[in-house]
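Visitor: Hi, I'm new to this one. Can you put it on screen and walk me through a few spots?

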There are 4 protein chains.
Amino acid sequence: MATETLEVEGHIIDSLILAKLLDLIVASGADYEIVDIDVGKANADLSTARVRVTAVDEDALTALLEELQAHGANRVSAADASFERAETDGVLPAGFYSTTNLPTSIRVDGHWLEVANPEMDCAVTFSAEGARTLPMHRVRAGDQIVVGSDGIRVTALEKPRGTHPFEFMASEVSSEKPKARLLAEVAERIRRARERDAKVLVVAGPALIHTGAGPDLAALVKGGWVHALFTGNGFATHDIESNVLGTSLGVSLTEGAGVEGGHSNHLRVINEIRRFGSIAAAVEAGYVRGGVMYELVSAGLPFVLGGSVRDDGPLPDVHTDVVAAADAMREIVPGVGVALMLASTLHAIATGNLLPAGVETFCVDINQAVVTKLADRGSHQALGIVTDVGLFVQGLREQLCG
Amino acid sequence: MATETLEVEGHIIDSLILAKLLDLIVASGADYEIVDIDVGKANADLSTARVRVTAVDEDALTALLEELQAHGANRVSAADASFERAETDGVLPAGFYSTTNLPTSIRVDGHWLEVANPEMDCAVTFSAEGARTLPMHRVRAGDQIVVGSDGIRVTALEKPRGTHPFEFMASEVSSEKPKARLLAEVAERIRRARERDAKVLVVAGPALIHTGAGPDLAALVKGGWVHALFTGNGFATHDIESNVLGTSLGVSLTEGAGVEGGHSNHLRVINEIRRFGSIAAAVEAGYVRGGVMYELVSAGLPFVLGGSVRDDGPLPDVHTDVVAAADAMREIVPGVGVALMLASTLHAIATGNLLPAGVETFCVDINQAVVTKLADRGSHQALGIVTDVGLFVQGLREQLCG
Amino acid sequence: MATETLEVEGHIIDSLILAKLLDLIVASGADYEIVDIDVGKANADLSTARVRVTAVDEDALTALLEELQAHGANRVSAADASFERAETDGVLPAGFYSTTNLPTSIRVDGHWLEVANPEMDCAVTFSAEGARTLPMHRVRAGDQIVVGSDGIRVTALEKPRGTHPFEFMASEVSSEKPKARLLAEVAERIRRARERDAKVLVVAGPALIHTGAGPDLAALVKGGWVHALFTGNGFATHDIESNVLGTSLGVSLTEGAGVEGGHSNHLRVINEIRRFGSIAAAVEAGYVRGGVMYELVSAGLPFVLGGSVRDDGPLPDVHTDVVAAADAMREIVPGVGVALMLASTLHAIATGNLLPAGVETFCVDINQAVVTKLADRGSHQALGIVTDVGLFVQGLREQLCG
Amino acid sequence: MATETLEVEGHIIDSLILAKLLDLIVASGADYEIVDIDVGKANADLSTARVRVTAVDEDALTALLEELQAHGANRVSAADASFERAETDGVLPAGFYSTTNLPTSIRVDGHWLEVANPEMDCAVTFSAEGARTLPMHRVRAGDQIVVGSDGIRVTALEKPRGTHPFEFMASEVSSEKPKARLLAEVAERIRRARERDAKVLVVAGPALIHTGAGPDLAALVKGGWVHALFTGNGFATHDIESNVLGTSLGVSLTEGAGVEGGHSNHLRVINEIRRFGSIAAAVEAGYVRGGVMYELVSAGLPFVLGGSVRDDGPLPDVHTDVVAAADAMREIVPGVGVALMLASTLHAIATGNLLPAGVETFCVDINQAVVTKLADRGSHQALGIVTDVGLFVQGLREQLCG
């Protein structure tokens, strides 16, 4: 049998943190004893608890502690963090500490040092420049990597409190919610983000264009409500196609019917942009005169087109190397306050993996399973909205651009 | 081996009718020979074809002919229709002819006589008043019922033609369609229906209220754009609850959050309406002062609340006998030109079974499976729109009520 | 401001009960103070807490207390229950206490009296025969009905504990779960139910027959693993049709293809059963020789066919009055230990409303939205399994019938 | 006005080809005249038709002809194909002919020359080695590329005929189908593919592992029923993780419950494989001793792991460059007779784009929208099966491996 005492602090009862911890302990087959608990009397007060955990062996305990720390339960007996140097480029020491997306500190020489850029599923490296997260592919031989679980502190994120309209929905994803109210609230969050100079990041899938919401998103970019875009070849192509040729996947968006140009339109558009050498060059040359990509280029706003195996062409701006694409996204993440994931699965999950836990994230999709899947992947701070992205983005434009 | 020659007339090629017929013949294991075919040269011209069908035995042929007739292929050798008298109330003669929802005629004494009210899955009865469809439960001993398949002619419904925006969507149900365009088109169909004095029937489920679109539908009723409502206890209750108490399923629609009245609200509302004796009485007494049911009552428009086994209460207006409910719906169907099925499965299928094939039907639901299911059940003239009913009905109001 | 002190006992921390209560209080805009808390040290120990709740006014407090009691938080200052007599048949006194499906007691003359048959959304009546729940339509003038919230005690249901395979799934509905393991576990629950002489209730939709699982369910009935069935006209018709004619909705189940009998098959089958007068008479006469309904009739097991507005025919056994149907279901509920809801929405929700909270309930459907909807409606003890009902029931038969 | 006469040959009526052509003509706003039609009398006979198409201008006509050719309608006045040389690497001449996935020929010096490897959305290049398709990124300056639409002939693919069980399902995707029968039929197609030495390609998503079907797919590989795998980092990682550690996404598959190793398991497994340098090296070293990847490596079978922006690590075998990944897939495609797409969206669409139209393709997913989306993207020959991939693959193993 192996035993360890953990402590956890915060709104551990009403934010369900303590309950979640005990749930994990029992589910793993371990046992617990609540050593002491100090429950904040009122809603605003913090609570603290110390819990002694007993597992069948050291391995099971280590694994369990790792899970518990992902919810903010840290070991009481905090020693300094342990380090090991990487021996090979791109390979971590076997016992590396695997990060959560929560605020994290490591103890070095008895002092707690904050890790600079919280990101899920990374290692922590420590050097003269301080502590920072490091994705596996970026580790270089000789890098000093945190191993084991000593000297690491993770701060649980509180469930947001107060009389806001998302409270009653947080627990479950369902299409049967008052949508006009949700729309107004998302618009409000975007307004507040801009007020505090936080960036609004949009992650979009091609369905946004097919449902006719391209001009709405373009208007939001032009109006200064969107500050960066993560998407793929399909979205950018159909956005440009619909502006250059008035069609998307060969379907005329303004007329509704009428297959004017046919299914090869998108290929011809990609081919032309390849000839120009980049979307920006095509905008410069006057070939692209409107749409989401046009507005981004015109406003000098950053975008990342991540490649995927299904891409036709692709557009010259696409990062065909997916590791490079993710790294390009990492450059843009700092400063993001609100992330809108619009009818995107692949890029939304990719982005969710990169974002710190504190970023307000809204996943909008007509398919409930997609929204559930995003939450399954660890983006617990995300709020799922099951609705039609076409009508939703149109509504956002009406709210924000008047 | 059994053989029969059929003929079919109309836009049998471009409306896919001939293709569908040959498909059914081969799928059933039978064989065919095209005796002659006269293809209309241009798009506007009619075509005719005669097809000789050979099946393994008489039973297989009879079954196949029944299927083929449901798509407008009639036997060349038309004799008079055969009749048999029902022996027992509510039970048809074994060989009864089972109707489609297409325009149908029967031959009596060498003359073709149109069946008054086409409805799917009924029998045809003939009396001094003419020929009409009869649901099974309404047959009375002594009624003269058409049996076999002699002397029956069914007219295939053309797939609507012309440059309208639904054409490219007719083949498949998908959420990736330009929604603003679809919305504008449905609004246009409603406008045209009113112009030609056809009724607009709404079939609604409770999710319409939960998504916050109750006031929008109420405005459409008040504006004269809706002429009848088929729904159930849940919709009516939540509509009244949201107007009397401002909540739906205990969720405040205006505030979004805040569980003010709790889950028993709907029970208390039902109980009060039961005390008044009817919704109309509760409107009269000033207890209900707004909402969809209020506007219907105020305008003297008909509605049918069909009972279901899951009903709480129910409201006094609910037809707890489902056979009586369907009969009440049958009273309202004549004159309906457009049917909008909004987030409803049960009542939408029930209504789809009652409507003649020519009624323009739009099924709006966020769940693609529901829309597919409606088509599976025989409502082939229905156009499925996979979108958020809350935002869709809000959009309809904006289009129609300004 | 209005204030009340509540107490709650049980595994209130690890079963998330306390967290849920505080969540509801804050969400409603009220405030709380934890007066005292006694947390069980170990997993097996009970905990108790007393919480003082303060709301803006008496109405808000009353509504909130009602919500909280539905989760097992009862008022400390327990007076006797208050009663009022119903004035009209079918109408409750305005302030009636609305039940949960949890074990409930009322205090009469200082003694706690258990309510006989817990059912959601009912009233409680008290007479010489004791306390029992009463659906609204069954109240008669003069019945003594509990009003207000004095003298009522509700016992929170513990989240089931221990190393069982459903633990990690309880929180969310997803299709990405190890299905073979889930299947084995549901089979085990059915075995245990039979061992303790608890009944297994199946609630089924017609898709079960369409997916080819009819013979599997029939084998489970024949094997003694199913003790009652709640369903509708469609399921029973397609079950009988597939056995009499070998088709379901006109699709041959054994051959896969081949539209042998056509879409009117189900009507002819209904008509024949109507001629016999009942399913049992048709079994007796040898017209029906296999299938789910045949096995139920042969074994003398009860079934309820609840009517719905979309029914063709219907079969003579269908309760066309939905209130009568629900009452017939209520007769069968006592003694049910396991409820399997198989590809059914309407009847599953109806049944969920009737079942006491302690019944182990499994909702199997391929559509995640349906499973979520069942949970939304209050059947929180239900475990959702998103899978193909056809393959699932086949697997159950293999597990239970060898 | 611009006019052209087309001819089409084959089972143009019962395979719906003519109907589809006329539909496209009218939908595009053009007009047609059927110049002559020769309908095959019996089911086995071929039919031919010549149709004169008139569009508003040359551009509209060109676009329309392109659409029509994708369905097998070729111009009567066949001249030789026209060529233009590419000026820049990776950029096609503006008027390039965009391919379908149907069998295609080009006319050179009056002779028809078959294009070697039909693939959708490519160009056709002609050199001393003959005609072949060329994806855009592979074109090199100087390559001779087919432009315009002269001298190109496309052969419509017949809808498969005969008494096979998929006929009645071809038209629509629905979860309500007899699943045991479908399973048996897919197994039969795999058997026949092996008999004629055609390869069986599996395209899989990670949900296959989460639903517990990994061992079943591994058994199918071991049994010689699978000859190649296209998938991504997630599937391979979870497959290896579940074999090395007995978990998938931190969930124990054998126990069902119990979060033994936690969410970082997959990262540690990726890190170890990176240390070995490849999956094959890890198999060689005895680190991986079972599972799908193990069986593929052991049998020397090819697999392609295509990168995506959401990849952790990734595994050293992943093609991080997506264009290289697609090229690697192209190497394997020739010889594939059956493609099984199992719970995969991204890789399934990518594969669908690469496959010639004649490959029998089955898309298995629990989500109807995914299956519809695959068809939307042009893989019209794909049969969608809406079911639980976990139980489906288990069933396939039972059928094929005994």
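Guide: Let's begin in chain C. Strand β1 (residues 2-10) of chain C pairs with strand β3 (residues 47-55) of chain C, antiparallel, over nine bridges. Two strands count as paired if DSSP finds at least two bridges between them. Helices (H or I, at least four residues) and strands (E, at least two) are DSSP runs, numbered from the N terminus.

Visitor: Before we go on, what kind of model is this?

Guide: This is a predicted model: local features need pLDDT of at least 70, side-chain atom pairs count only at pLDDT 80 or more, and totals for chains, interfaces and linings use all residues. Residues are numbered from 1 along each chain as its sequence is written, chains are lettered from A and ligands numbered from 1 in the order in which they are written, and side-chain values use heavy atoms, with hydrogens and water left out.

Visitor: Back to β3(C). Which residue there is the bridge partner of Gly10(C)?

Guide: Ser47(C) is the partner of Gly10(C).

Visitor: And how does strand β2 of chain C pair with β3(C)?

Guide: Strand β2 (residues 31-38) of chain C pairs with β3(C) in the antiparallel sense, over seven bridges. There, Asp31(C) has Thr54(C) as its bridge partner.

Visitor: Switching to chain D. Is strand β13 mostly covered or mostly uncovered?

Guide: Mostly covered. Strand β13 (residues 228-232) of chain D has five of its five residues buried. Buried means under 20% relative accessible area, exposed means over 50%, and partly exposed lies in between (1.4 Å probe, protein chains only).

Visitor: Which residues sit on each side of β13(D)?

Guide: In a regular strand the side chains alternate between the two faces of the sheet. On one side of β13(D) are Ala228(D), Phe230(D) and Gly232(D); on the other are Leu229(D) and Thr231(D). Both faces are covered.

Visitor: What pairs with β13(D)?

Guide: Strand β12 (residues 199-204) of chain D pairs with β13(D) in the parallel sense over three bridges. One bridge there links Val202(D) to Leu229(D). Strand β16 (residues 303-306) of chain D also runs parallel to β13(D), joined by four bridges. Phe230(D) has Val304(D) as its partner in β16(D).

Visitor: New topic. How many disulfides are there over all chains?

Guide: The count is zero, taking a disulfide as a pair of cysteine sulfur atoms within 2.5 Å. Cys363(A) is in no disulfide, and the nearest cysteine sulfur, that of Cys122(A), is 20 Å away.

Visitor: Is Cys363(A) buried or exposed?

Guide: Cys363(A) counts as buried, because its relative accessibility is 4%. Cys401(C) is at 33%, so Cys401(C) counts as partly exposed.

Visitor: Where is Pro215(D) found?

Guide: In helix α5 (residues 214-222) of chain D. Pro215(D) is exposed, with a relative accessible area of 60%. Its C-alpha atom is 9.6 Å from that of Ser242(D), 27 residues apart along the chain.

Visitor: Last stop, chains B and C. How many residues does the contact take from each?

Guide: It takes 58 residues from chain B and 58 residues from chain C, with contact meaning heavy atoms within 4.5 Å.

Visitor: How many salt bridges are there between chain B and chain C?

Guide: Two. A salt bridge is a side-chain nitrogen of Lys or Arg within 4 Å of a carboxyl oxygen of Asp or Glu. Glu66(C) forms one with Arg268(B), the closest N and O atoms being 3.8 Å apart. On the side of chain B that touches chain C, α7(B) gives the largest share, eight residues.
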